[in-house]
Amino acid sequence: AYRRPASSAEADGLMGVYVSERRRGAGFEPAVRAALSACLVSPAFLFRTIAHPDPRNPGAVHRLSGYEVASRLSYFLWSSMPDEVLLAAAVEGRLATDEGLSAQVRRMLADPRSAALVKNFTGQWLHLRGLETLAIDRGAFPEYDDALRAAMREEAERCFADVLSGGVAGRSVLELVESRYVMVNERLARHYGIEGVTGPGFRRVALPEGSARGGVLTMAGVLTATSNPTRTSPVKRGLFVLE
């Protein structure tokens with residue numbers, strides 16, 4: 001529950017809850033349930049805590065423990081708790097070395113659970129979460145529908161995932177802002193005026209010379225998320241680029 005070994009004081013506290021319930025006449029299972037409830041409302045469970053030895057001194061420097069690094073890494077890359085392999089690396093001190101840390105990052109990015117990073121990072125960075133609540137004027141833009149909106153978001157997610165995986169192989173992160181390809185299915189390709197793409201599946205399509213597309217700043221999802229319901233917004237888009 002704490003993503004690390006519980007301290008003696010923590011374990012004694014939980015046992016104290018159990019013993020107290022038993023003394024009040026509770027059966028075994030209700031007493032265990034009370035102790036488990038106490039565990040699940042503990043800050044150590046609810047938050048990614050750091051055991052800083054001098055928390056009131058803003059200038060104090062504290063090296064994170066292996067368990068603390070493991071939690072930061074797993075919630076960033078997987079939006080979930082560390083697995084056994086990551087915890088073993090924490091115990092053995094491998095997360096304190098550049099080589100050990102890099103090895104775990106590569107392993108975790110190759111894991112299907114890294115899809116959480118793609119979805120959450122692009123949702124925040126590219127404002128894609130706002131697509132669900134942005135009330136586009138369907139009268140002014142009748143071609144805008146749920147299928148197109150879903151394709152817009154998936155294009156951005158797939159492009160980010162492609163650059164992320166390519167970065168491990170040495171490709172440039174600058175592809176995020178200047179690429180010569182798009183990730184589209186038939187619905188989005190039709191919206192972009194790209195011919196020859198059929199079916200709901202997404203694929204990489206090379207852009208012709210002189211195309212205005214390529215990179216996150218030209219993606220339909222980003223352009224929509226930085227617009228108003230009835231028109232574009234240079235102010236919103238300018239602020240997005242500035243930030």
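Close-up 1. D83 is buried, at a relative accessible area of 13%; buried means under 20% relative accessible area, exposed over 50%, and partly exposed in between, with a 1.4 Å probe and protein chains only. The model is predicted: local features need pLDDT of at least 70, side-chain atom pairs count only at pLDDT 80 or more, and totals for chains, interfaces and linings use all residues. Residues are numbered from 1 along each chain as its sequence is written, and side-chain values use heavy atoms, with hydrogens and water left out. D83 and R107 meet through their side chains in a salt bridge of 3.0 Å, N to O; a salt bridge is defined here as a side-chain nitrogen of Lys or Arg within 4 Å of a carboxyl oxygen of Asp or Glu. This pair links distant parts of the chain, 24 residues apart, with D83 in the loop between α4 (66–77) and α5 (84–91) and R107 in helix α6 (residues 98–110). Helices (H or I, at least four residues) and strands (E, at least two) are DSSP runs, numbered from the N terminus. R107 counts as partly exposed, at 25% relative accessibility. Salt bridges with shared partners join D83, R107, D111 and R113 into one network. By the same cut-off, the count comes to 16 salt bridges.

**Close-up 2. Arginine residues over aromatic rings.** R113, a member of the network with D83, R107 and D111, lies over the face of W78, at 3.9 Å from the ring centre. A charge sits over a ring if NZ of Lys or CZ of Arg is within 6 Å of the ring centre and within 35 degrees of the ring normal. The charged end of R204 is likewise placed over a ring, that of Y181, 4.1 Å from its centre.

Close-up 3. D162 and R204 form a salt bridge in which the closest N and O atoms are 2.7 Å apart. The two residues are 42 apart and link distant parts of the chain, D162 being in helix α8 and R204 in strand β2 (residues 203–206). D162 counts as buried at 15% relative accessibility, whereas R204 is partly exposed at 45%. A salt bridge also joins R153 and E157, with their closest N and O atoms 2.9 Å apart. R153 and E157 are four residues apart in helix α8, and therefore about one helical turn separates them. R153 is buried at 13% relative accessibility, and E157 is buried at 15%.

**Close-up 4. Aromatic pairs.** The count comes to three aromatic pairs, where rings of Phe, Tyr and Trp (its six-membered ring) pair if their centres lie within 6.5 Å; planes under 30 degrees apart count as stacked, over 60 as edge-to-face and the rest as tilted. The Y18 and F28 rings form an edge-to-face pair, because their centres are 6.2 Å apart and their planes stand at 75 degrees. Y18 lies in helix α1 (residues 8–23) and F28 in helix α2, so this pair ties together parts that are ten residues apart in sequence. Y18 is buried at 18% relative accessible area, whereas F28 counts as exposed at 52%. The rings of F121 and W125 are tilted, because their centres are 5.6 Å apart and their planes are at 45 degrees. Both residues lie in helix α7 (residues 115–125), four residues apart, about one turn of the helix. Ring pairs link F121, W125 and F160 into a cluster.

**Close-up 5. A nonpolar surface patch.** L36, L40, V41, F45, L46 and F47 make a nonpolar surface patch of about 570 Å². Helices α2 (28–40) and α3 (43–46) are the elements that give two or more residues to this patch. Patches are made of residues with over 30% relative accessible area and no salt bridge; like charges are joined within 9 Å, and nonpolar side chains (Val, Leu, Ile, Met, Phe, Trp, Tyr) within 5 Å. Accessible areas come from the Shrake-Rupley method with a 1.4 Å probe, and for residues only the protein chains shown count as cover. L40 lies in helix α2 and is partly exposed at 37% relative accessibility.

**Close-up 6. Positive phi angles.** R3, although not a glycine, has a positive phi of about 55 degrees. R3 lies in the segment before α1 and is buried at 8% relative accessible area. H127 is likewise not a glycine and has a positive phi of about 60 degrees. H127 is found in the loop between α7 and α8 (146–168) and is partly exposed at 32%.
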